[in-house]
Structure formats: C-alpha cells, structure tokens
Amino acid sequence: MVLVSDIYQSRTDNEAAIILRQDPVVYPGPYAQGEFALSEHQLRGYRKNGFIQLRGLLSETEASGLLHEANKLVEASGRERRPEAVYEPDGRDVRSVFRVHRINRVFDRLVRDGRLLDVARQILGSDVYVHQSRVNLKPGYAGKEFYWHSDFETWHVEDGMPRMRAVSCVVLLTENNEFNGPLMLVPGSHMHYISCIGRTPVDHYKKSLRRQEYGVPDPTSLDFLVDRGGLQSAKGPAGSVLFFDCNAMHGSSSNISPFPRANLFCVYNSVENHLRDPQAGLRPRPEFVAARDDVALLERVEPRQS
Ligand code: 6CS
Ligand code: FE
C-alpha cells in the first residue's frame, strides 16, 4: 500500500508549521489570450503578490445595480431564513448570503461575464466552475471582522480541495475605503502554506462562517508572512474587481463607520481540481458552501457594458 502523505496537512497536531507552496500560481493553458485576459505585466504582479485589483473593471452604475440586487437578495434570504443566509454572531444581521449565482439570475450571469471569466480561466489554465459564491455584507456601524486566514487551508481540510488551483474574484459593490473594513491581504503570502493547530469541530462551518476560530494562523506564522510582504488593503471605488489566490492570507476589520461595505465573492475552481473527501473523516460541507454536484464548466457570456 502506498502511503500518500498530505502535502498540505493542517489541524492535525498541536504544532503550527510553515510549508512551501508546491503548486504553480498561474497555470499554463488554452486561455492565455482571452479578450479580458491580464497583460504580461499584470500577470507578473499577480504571480508575485498573489492578488491583483482592477479599478473600474465594472462601471459604478453597474455596481450600484448589483448592490441593489444584493440588498434585495439579502433581505429576502433573511426573511425566509434560507440556509444560504449566514448571520452575524449576534444572530440579528445577515453577514453573508451564499450560492448567490444559483439563487439569482443577475449573479448567475455575472459569474460568467467575460471580464471575470477570462481572467479566472487564464490564471487557472483550464475551464472553471464555481466552488462557492457569496455576498459579504458589512453594514455601517455593525459589520463584524473576518480574522486572518487562508481560504485554501479551509477548502483543503474541510472540503477536500486537492491543490492550490482556485482563485477568488471579489466585485466591490460599494466603495471600500480605509474606514469601512476593506479586505486586507499579505503580499506574497500565497507562497507559504500555514499549517494550523487544533482539530476541526464537527459542523465547523456553522460557526466558522460567522466567526472563524479553527484554521486561523498563529501569530508567529503571521509575523513571518507580514515581515516578508507587509500589508495591503484592497481599497477602491465600487465596480473595482480583485482577484486573489486561494492561499493568499487575508482578513478584514469590523466596520464601525457609517458607510456600508458590500462585496460579491465568486470562487473559481479549475475543473482539474474537483473536491475529494474532506480530511480527517470530516463530513462534507453543504453544497451551498462547497459545490460537489454542481461542477459543470462555466460557459462565457459577453459583458453587458453599462
Ligand atoms: O469557509 C469558507 O469557505 C469561507 N470562510 C472564509 C472566512 N473565507 C472563505 C469562505 O467564505
Ligand atoms: Fe476568506
């Protein structure tokens, strides 16, 4: 019997560890020349930092239409207590609505829009499907923080995502400024995998999506990453789009400003990187958090410039 040890082991020990990335950042493939593909210079920046922000990729008019759609969806999902609606720790405000590309036609089209899909397929070097989509709300005065984490650490341990071949695309639906809790990233952090301490509780997602306590890096490992790469915040006008690698260390502070912060996330996974069994015999997370059945490749639609 050949023992294939897990190269990205995490939450199996009481020791943290820093593991060198063993996957490409940008994959070769047939989509290098898409109409909205990144330039060589932009691609170099993405490889180096693990993220790239494209200011004004969508117009502010388009973003405000998407924000209106998101607010309607959040209000309805909260009222109907839909499973895709995740509440803040205080149980009152909706923090996120998941799987928005499947419960709303506008978002179904957006995730296939060439301005997003061309970049995702270029970076992942293959056809892609949506692993997870969500609208994250940070209402003024009340939006809570998302502590530092690598999404891939959760997706590898709890969803059985084999390799680092997924990219998150964030559409800023409102302006993200220094006051309302913009996403913060550690440049270059995607090149090191932080193996976290602790063991994953059963049905961890019921807590982690509200306030993550397992799969968060220890301060020493965070110091290591920030000493090397510093911090950068993804501030920008509504309509800007951020792409970040699945293993980029990121987080965001709470929003005590009067200005709401709403972002739409779409996680593109390569069709070559379908989920396997979760680690440590964990039960698979629900479809709305991690797609296992709904994994057909995305067909591209022409952008509707407005
Ligand atoms: O567990 C997850 O899939 C979610 N958790 C965080 C904090 N970011 C990625 C994703 O939304
Ligand atoms: Fe995250």
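Ligand 1 sits in the largest cavity of this predicted model. The residues around ligand 1 are Gln132, Arg134, His149, Asp151, Thr154, Trp155, Leu209, Gln212 and Arg285.

Several of these residues place polar side-chain atoms against the ligand. For Gln132, an N or O atom of the side chain is 2.9 Å from an oxygen atom of ligand 1. Trp155 has a polar side-chain atom 2.9 Å from an oxygen atom of the ligand, and a polar side-chain atom of Arg285 also lies 2.9 Å from an oxygen atom of ligand 1. Taken on its own, ligand 1 has 300 Å² of accessible area, of which the protein covers 95%.

The iron ion (ligand 2) is coordinated by His149 through NE2, Asp151 through OD and His250 through NE2, at 2.1 to 2.4 Å. Along the sequence, these donor residues follow the spacing H-x1-D-x98-H.

How accessible are the side of the site formed by His149 and that formed by Asp151, buried or exposed? His149 has a relative accessible area of 9% and Asp151 one of 6%. Both count as buried because the limit for that class is under 20% relative accessible area.

The iron ion (ligand 2) has 4 donor atoms, with angles of 81 to 174° among them, and its site is irregular. The tetrahedral class is ruled out because it requires all angles to lie between 85 and 135 degrees.

Notes. Residues numbered from 1 in each chain as written. Chains lettered and ligands numbered in written order. Predicted model: local features only at pLDDT ≥ 70, side-chain atom pairs only at ≥ 80, totals over all residues. Heavy atoms only, no water. Donors = N, O, S within 2.8 Å, 3.2 Å for Na, K, Ca; no water. Tetrahedral: all angles 85-135°; square planar, octahedral: opposite > 155°, others 65-115°. Buried < 20%, exposed > 50% of the residue type's maximum accessible area, 1.4 Å probe, protein only. Near = heavy atom within 4 Å. Polar contact = N/O pair within 3.5 Å; in protein donor to acceptor, adjacent residues only side chain to side chain. Areas by Shrake-Rupley, 256 points an atom, 1.4 Å probe, with all protein chains shown as cover. 1 Å grid on protein atoms, 1.4 Å probe; cavity = no way out; pocket = protein on both sides within 12 Å on 5 of 7 lines; lining within 4 Å. Sits in = over half its atoms within 2 Å of the grid points.
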